[in-house]
Amino acid sequence: MAQQMTLAVLLGTTREQRQSIKAARYIESLASERENLEVIFVDPKDFNFPGDGNDPEGKDPRYSQIVEEADAFFVVTPEYNHSFPGSLKRMLDSELQLYNHKPIAFAGCSDGNWGGVRAVEALVPAVRETGLVVMSWDVYFPYVNKMFADDGAILSEHSERYQKNVNKLLDELLWFADMLKTARRDKGN
Ligand SMILES: Cc1cc2nc3c(=O)[nH]c(=O)nc-3n(C[C@H](O)[C@H](O)[C@H](O)COP(=O)(O)O)c2cc1C
């Protein structure tokens, strides 16, 4: 990678028994192997967004700072009632301009065979409105509850395929991140 960059991995749910945290931690671990890349894991449970919108009272300054620093985002979302969780929307909505001209990738999770595809499809128009640049493909974790051991390690039968797919998407995301970071700097924003 040409320059030092920051990737924010955003987990999309606060549910107590959430399984998608295993997929998010797996993506974080693969990203952490990259040189010149700082990876920040964002768990919405650790933040506080008291109200809707992006007025000062709708923000958590710690999240604002992460969004400002981030050069790329990787959202890992479960599917709840054919969409993405409200906690993820609340978190995403709390910022606007700081997302502009930065790339975002998605991973979907479900305990059935759809893998959260409807949640990801619902996210596309929402993040596009914020100026984020959406990748043209995603990664899906169907039966996410059966893919990882209790300690979070991916089961061996899935390991090769997911390592390849996640790394391919990271390559694409970081290619955009590098290009857009240079372009933002050249443009003075
Ligand atoms: C409120 C709620 C709604 C859900 N709706 C869907 C759904 O529409 N489609 C689906 O494939 N799975 C659905 N699921 C199951 C999730 O896919 C499952 O919980 C999976 O483990 C990923 O979410 P998690 O990170 O909360 O565990 C739903 C789960 C909850 C808690």
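**Close-up views of a predicted model**

View 1. Gly 12 is buried, because 33 other C-beta atoms lie within 10 Å (buried means 20 or more other C-beta atoms within 10 Å of a residue's own, exposed means 12 or fewer, and partly exposed is in between, with C-beta atoms placed from the backbone). This is a predicted model, in which local features need pLDDT of at least 70, side-chain atom pairs count only at pLDDT 80 or more, and totals for chains, interfaces and linings use all residues. Residues are numbered from 1 along each chain as its sequence is written. Gly 12 sits in the loop between β1 (5-11) and α1 (20-31); helices (H or I, at least four residues) and strands (E, at least two) are DSSP runs, numbered from the N terminus. Its contacts are Ser 20, Val 75, Val 76, Thr 77, Pro 78, Phe 84, Pro 85 and Leu 88, leaving aside residues up to four places away in sequence (a contact means C-beta atoms, placed from the backbone, within 7 Å). Glu 157 is 145 residues from Gly 12 in sequence, and 26 Å separates the two in space, C-alpha to C-alpha.

**View 2. Val 76 and the largest nonpolar core.** This core holds 48 residues; such a core is a set of buried Ala, Val, Leu, Ile, Met, Phe, Trp, Tyr and Cys residues joined through C-beta atoms within 7 Å. Val 9, Ala 23, Ile 27, Phe 73, Phe 74, Val 76 and Leu 173 have the most contacts inside it. Helix α5 (residues 156-187) gives the largest share of this core, eight residues. Among the residues that Val 76 touches, not counting those up to four places away in sequence, are Val 9, Gly 12, Ala 23, Ile 27 and Cys 109. As background, nonpolar side chains tend to be buried together in soluble globular proteins.

View 3. Helix α4 (residues 117-128) has twelve residues and reaches 17 Å from its first C-alpha to its last, close to the 16 Å expected at 1.5 Å a residue (the expected span is 1.5 Å times one less than the number of residues). Ala 119, Val 120 and Leu 123 of α4 are buried. Seen down the axis of α4, its buried residues fall within an arc of 90°, so they line one face of the helix; the arc is that of the directions from the helix axis to the C-beta atoms. They pack against β3 (72-78) and β4 (103-109). Pro 125 and Arg 128, on the other side of α4, are exposed.

**View 4. The two sides of helix α2.** Which residues of α2 (residues 61-69) are buried? They are Tyr 63, Ile 66 and Val 67. These residues cover an arc of only 100° around the axis, which puts them on the same side of α2. Their cover includes β1, β2 (37-42) and α3 (86-93). On the other side of α2, Pro 61, Arg 62, Gln 65 and Glu 68 are exposed.

**View 5. Two asparagines with positive phi.** Asn 36 is not a glycine, yet its phi is positive, at about 60°. Asn 36 belongs to the loop between α1 and β2, and counts as exposed because it has 11 C-beta neighbours inside 10 Å. Asn 81, also not a glycine, has a positive phi of about 50°. The loop between β3 and α3 holds Asn 81, which is exposed, with 8 other C-beta atoms within 10 Å.

Definitions and conventions: Two residues are in contact if their C-beta atoms, placed from the backbone, lie within 7 Å.
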